[in-house]
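Hello,

Please open it and keep it beside you while you read the notes below.

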Amino acid sequence: AINFSAAVLSTIVVGIFAIAKFTEGAWLVVVVFPILVFALMRVNRQYRAESSVLETSIADPPELVEYDRHRVLIFVDSVDLAEIEALRYAKGLKADELTAVHFVLDSVHAERLQRQWRHFGHVTELRVIDCFDRNLGRAAQDLVQQIMADHAETKVTVLLPRREYSQLLGRLLHDRTADMIAKVISRIPGASAQIVAYDIKTRILQASAVMTGSPAKSRHQENPIELPGPQRTYVDDLTPQVADSGGK
């Protein structure tokens, strides 16, 4: 009764305020408030649905499927530190087959990527796939589904390297391609997608510490990057590519 009375009084006050001050800015409250309430109700409904599904897992635990083979795909758009970190992470998964995949949107860029791949001595196979309609989500989905159709009882994991920057710079440089691809792949039964983030700022600070001979040098030497090839140059083709493409 107390809550109902307070709700009625609050509604009356808001109504009077909206009518008396409508042209002086109260119209904003009248318009925005119902939209916010509706949005919060939708969010709450989503939380309730997730909680309900979680409760059902107690009585009906999810089935753990064992696959005969595990195949890992790395979607790459350039040879950079994030791609190297993703390769290192992929090799730790002990996959039966590891393949790097590049979807071709620009033939010139694809040729340069292949030269860089050979230059840095990557032993992982680089598979180049044409994407004529420039729909990366569809191309990724078709590739994963084709692999699973050709190789039964195979678990497919897709890794999407992504360079991480500061919050403001990251918003400017990141498109949402990796998130979009991960969302599409995660809908395929038996497949999963992971975004492998790499903190560029930390790596730059470590490299700067090594060049200046600061105490951070020893910490860096304890955990080296372990570049796959002996050569460390070839920077000209790497520096212009600052925008994250999420594994195009």
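Two aromatic rings, from Phe, Tyr or Trp, count as a pair if their centres lie within 6.5 Å; planes over 60 degrees apart make the pair edge-to-face. Before that rule is applied, please note that this is a predicted model.

Aromatic pair

By the ring rule, the count comes to 1 aromatic pair. The partners are Phe 75 and Phe 103, whose ring centres are 5.1 Å apart and whose planes meet at 75°, so the pair is edge-to-face.

Strands E1 and E2 belong to an open sheet of 5 strands. The order is E3-E2-E1-E4-E5, and the pairing is parallel. E3 and strand E5 (191–199) stand at the edges with a single partner strand each, so one side of each has no neighbour in the sheet. From one strand to the next, the twist averages 30°.

E1 and E2 run parallel and are joined by 5 bridges. Which residue of E2 is the bridge partner of Phe 75? That partner is Val 101.

Helix H4 (residues 107–119) lies across E2 and E3, and runs at about 150° to E2. Helix H8 (residues 200–212) packs on the sheet, where it touches E4 and E5; the direction of H8 makes about 40° with that of E5.

Nonpolar cores

The largest nonpolar core has 22 residues, and the members that touch the most others are Leu 73, Phe 75, Phe 103 and Val 144. Both rings of the aromatic pair are thus on that list. At least two residues of this core come from each of strand E1 (69–75), E2, H5, strand E4 (154–164) and helix H7 (177–186). Which element gives the most to this core? H5 does, with 7 residues.

Leu 73 shows what such a position looks like in detail. Neighbours within four places in sequence set aside, Leu 73 is in contact with Thr 99, Val 101, Leu 143, Val 144, Ile 147, Val 156, Thr 157, Val 158 and Leu 159. Apart from this core lies another one, of 14 residues, including Val 76, Leu 113, Leu 126 and Val 196.

Salt bridges

Side chains of opposite charge can pair when their charged atoms come close. There are 7 salt bridges in the structure; I describe some of them here.

- Arg 88 and Glu 85 form a salt bridge with an N to O distance of 2.5 Å. Both lie in helix H3, 3 residues apart, which is about one turn of the helix. Arg 88 is partly exposed, with a relative accessible area of 32%, and Glu 85 counts as partly exposed at 22% relative accessibility.
- Arg 138 and Asp 142 form a salt bridge, also given as 2.5 Å from N to O. Both are in helix H5, 4 residues apart, about one turn of the helix. Arg 138 is partly exposed at 31% relative accessible area, as is Asp 142 at 35%. Together with Asp 133, Arg 138 and Asp 142 are linked in a network of salt bridges.
- Glu 24 pairs with Lys 21, where the closest N and O atoms are 3.8 Å apart. Glu 24 counts as exposed at 62% relative accessibility, whereas Lys 21 counts as partly exposed at 39%.

Positive phi angles

Most residues other than glycine have a negative phi. Lys 94 is not a glycine, yet has a positive phi of about 55°. Lys 94 sits in the loop between helix H3 (81–92) and strand E2 (97–104), and counts as exposed at 70% relative accessibility. Arg 134, also not a glycine, has a positive phi of about 65°. The place of Arg 134 is the loop between strand E3 (125–130) and helix H5 (136–150). With 53% relative accessibility, Arg 134 counts as exposed.

Regards

Notes:
Residues numbered from 1 in each chain as written. Predicted model: local features only at pLDDT ≥ 70, side-chain atom pairs only at ≥ 80, totals over all residues. Heavy atoms only, no water. Buried < 20%, exposed > 50% of the residue type's maximum accessible area, 1.4 Å probe, protein only. Core = buried A, V, L, I, M, F, W, Y, C linked by side-chain atoms within 4.5 Å. Contact = heavy atoms within 4.5 Å. Phe/Tyr/Trp six-rings, centres within 6.5 Å; stacked < 30°, edge-to-face > 60°. Salt bridge = Lys/Arg side-chain N within 4 Å of Asp/Glu carboxyl O. Pairing = 2+ DSSP bridges. Axes fitted to C-alpha atoms, helices over the stretch in contact; angles between N-to-C directions.
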